[in-house]
Amino acid sequence: CKTLVYYYFINKHMNEKYNVYLVSDSTGETLDRIFLSLKSQFANFEYKKKEFAFIRTEQQIDKIIKECTHIENTIILYTIVETKLAKYLARQSEKNSVPCFGVLGNLILSFSKLLNQKAIHKPSAQHVLDEDYYKRIEAIQFTMSHDDGRNNDDVLVADIILLGVSRTSKTPTSIYLANRGYKTLNIPLVLDQEIPAVLNKESKDICVIGLFADPQRLSEIRKTRVNVNQAIDLKAYTDVEKISVEVENSKKLFKKNNWPIIDVTRRSVEETAASILKIIEIKKNK
């Protein structure tokens, strides 16, 4: 009987849906990424997310807490760097029996002790219009104007060049890298697309990387993401055998030019980008 009650409780708990409140004194990007990593560790975590950005007054917090008390299974995660306000949120949450977890508080305190200096506790301190910020904006503009093989005349201006057949995540990976400050140009390997001759020469300043994926996986992706406005032969575009030839030809090109290659079959954009940045690091240290 006790065993049945135990399993009933566990199953009931696992099937519950939680209301997750993400409370930030800035844009909320950092907190959202942390929550993304957190939730990925729990296979049966059902939730509804609500985000609150630029929370900087006790009145705003009171409004959030009031809403939480009228909703079951509420969890608050927050990134508030102003100490007084963070303590107020924690105190009000405890008072109303709402689970509440600060993401940056203990880390900032630990760093403060380690560095032997006081933290400034300034909201949005990471969003500064400095040199790195303008570098990212410039990289994003460059990357967007050089997407899918466009404007290849100034290829030598790029930091990274991605090559690959259709649907090997070239564009999203390029955009992700641009947000990290890298001018990224991507070129699709199709029959009528010429590769700039300069890429066939050794260059220590440009990182050329080939992307490929499993033909079966590419076929599935092409079927679901084909642009209906494209004037293409859908059957040929999604044929596994034809895709296999495309992929093999791309690999031969990469090998011929001694370019690093990455299999993106089961990789997320973030994982692919991380591998590319590692390749750049190795290339710089040579």
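This is a predicted model: local features need pLDDT of at least 70, side-chain atom pairs count only at pLDDT 80 or more; totals for chains, interfaces and linings use all residues.
Visitor: In what way are the rings of Phe-35 and Phe-45 arranged, stacked or edge-to-face?
Guide: The ring centres of Phe-35 and Phe-45 are 6.3 Å apart, and the planes stand at 80°. Planes over 60 degrees apart count as edge-to-face. The pair of Phe-35 and Phe-45 is therefore edge-to-face.

Visitor: How many residues apart in sequence are the parts that Phe-35 and Phe-45 tie together?
Guide: Phe-35 belongs to helix α2, residues 29–39. Phe-45 lies in the loop between α2 and β2, so the pair ties together parts whose separation in sequence is 10 residues.

Visitor: Is Phe-35 buried or exposed?
Guide: The relative accessibility of Phe-35 is 2%. Since buried means under 20%, Phe-35 counts as buried.

Visitor: Which strand holds Tyr-47, the residue that pairs with Phe-35?
Guide: The rings of Phe-35 and Tyr-47 have centres 5.1 Å apart and planes at 90°, so this pair is edge-to-face. The pair links distant parts of the chain, 12 residues apart. Phe-35 is in helix α2, while Tyr-47 is in strand β2.

Visitor: Which residue has its charged end over the ring of Tyr-237?
Guide: A charge sits over a ring if, among other conditions, CZ of Arg is within 6 Å of the ring centre. Here the charged end lies 4.6 Å from the centre of the Tyr-237 ring, and the residue that carries it is Arg-222.

Conventions: Residues are numbered from 1 along each chain as its sequence is written. Side-chain values use heavy atoms; hydrogens and water are left out. Rings of Phe, Tyr and Trp (its six-membered ring) pair if their centres lie within 6.5 Å; planes under 30 degrees apart count as stacked, over 60 as edge-to-face and the rest as tilted. Helices (H or I, at least four residues) and strands (E, at least two) are DSSP runs, numbered from the N terminus. Buried means under 20% relative accessible area, exposed over 50%, partly exposed in between (1.4 Å probe, protein chains only). A charge sits over a ring if NZ of Lys or CZ of Arg is within 6 Å of the ring centre and within 35 degrees of the ring normal.
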